[in-house]
Amino acid sequence: MTSTPTSRMAQRLMIALDYPDDRAARELIRSLEGIPCYMKVGMQLFYQAGPQFVHELKERGYSVFLDLKMHDIPNTVKGGANSITKLGVDMFNVHAAGGSAMMAAAMQGVEEALAADSSISRPLVIAVTQLTSTNLSTMNEEIGIPGSIEEAVIRYAKLAAGAGLDGVVASPLEARGIKDACGTDFRTVTPGIRPAGSAADDQSRTKTPGEAIAGGSDYIVVGRPITAAADPKEAAIRILEEMTQ
């Protein structure tokens, strides 16, 4: 793509490679050639294709968000963060529900990896607040967290900021409140994006691409509206155009 407002927005578009294997993911990547977007690698694909697929994406020039949502005891997360940093990803995440000590341990793992190899670039580390598939009833009655979703999200965002993380994953509905609470430099990564007129699928808290960017999202994560489209490249371009409106 030539340099236009739409192409410059591409680094804020994360395409979710939610595929069962690397063959299917490669087919999508070929169809998107020329769009310099972020690629999000989640659990299903990473567990099948492994670190080599991350290296392949980096060799192709893509920024990579490794979406493994680590949530364990601090020492285990520290080790996981150390290994992920050595992979050379641009962003990865942990669960804010693991608490401040666990999130701080993730940052220690990053710093130790950087100290051991100066050629590694520091990844952005972000915390998952509440999944965009979670509604108020689920959060209150099943997970056992009282109050509104926005209150819970902002509480987690403040914990993440205090632990030294770079941002959080949240729905686009909470992005502005997170910025108000944690500062404009604190990144917001927002799934739950649905282009105008598309189905919500299993997402409970959604916005359109344009609404999300206007509402404070630094990055938007889009999966099925692109990956399930008859023409994924055209779908991605339409989303980029919506992001600039």
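**View 1. Pairing of strands β7 and β8 in the predicted model.** In this predicted model, strand β7 (residues 187-190) runs parallel to β8, and two bridges join them. Thr190 stands opposite Ile220 in β8.

**View 2. Pairing of strands β1 and β8.** Strand β1 (residues 13-16) is parallel to strand β8 (residues 219-222), with three bridges between them. Within this pair, Leu13 stands opposite Ile220 in β8, and Met14 stands opposite Val221 in β8.

**View 3. Side chains of strand β8.** Tyr219 and Val221 point one way from β8. Ile220 and Val222 point the other way. All of these residues are buried, whichever way they point.

**View 4. The closed barrel.** Eight strands form a closed barrel in the order β1-β2-β3-β4-β5-β6-β7-β8, and the pairing is parallel. On average, neighbouring strands of this sheet are turned by 25 degrees against each other, direction ignored. Helix α6 packs on the sheet and touches β3 (63-70), β4 (91-95) and β5. The direction of α6 makes about 150 degrees with that of β4.

**View 5. Packing of helices α5 and α6.** Two packed helices are described by the angle between their axes and the distance between the axes. Here the axes of α5 (residues 74-87) and α6 (residues 100-116) come within 7 Å and cross at roughly 35 degrees. The crossing of α5 past α6 is right-handed. On the α5 side, the contact is made by Pro74, Val77, Lys78, Ala81, Asn82, Thr85 and Lys86. These meet residues of α6 that include Ala101, Met102, Ala105, Ala106, Gly109 and Ala113. Sorted by class, the contact of α5 with α6 comprises ten nonpolar, four polar and three charged residues.

**View 6. Helix α8 and its surroundings.** Helix α8 (residues 149-162) has 14 residues. From its first C-alpha to its last, α8 reaches 20 Å, close to the 20 Å expected at 1.5 Å a residue. Its buried residues are Ile149, Ala152, Val153, Ile154, Tyr156, Ala157 and Ala160. Gly164 follows α8 and has a positive phi, near 95 degrees.

Technical notes. Residues numbered from 1 in each chain as written. Predicted model: local features only at pLDDT ≥ 70, side-chain atom pairs only at ≥ 80, totals over all residues. Heavy atoms only, no water. Axes fitted to C-alpha atoms, helices over the stretch in contact; angles between N-to-C directions. Helix = DSSP H or I, 4+ residues; strand = E, 2+ residues; numbered from the N terminus. Left-handed = near helix turned anticlockwise from the far one by under 90°. Contact = heavy atoms within 4.5 Å. Nonpolar A, V, L, I, M, F, W, Y, C, P; charged D, E, K, R; others polar. Expected span 1.5 Å × (residues − 1). Buried < 20%, exposed > 50% of the residue type's maximum accessible area, 1.4 Å probe, protein only. Pairing = 2+ DSSP bridges.
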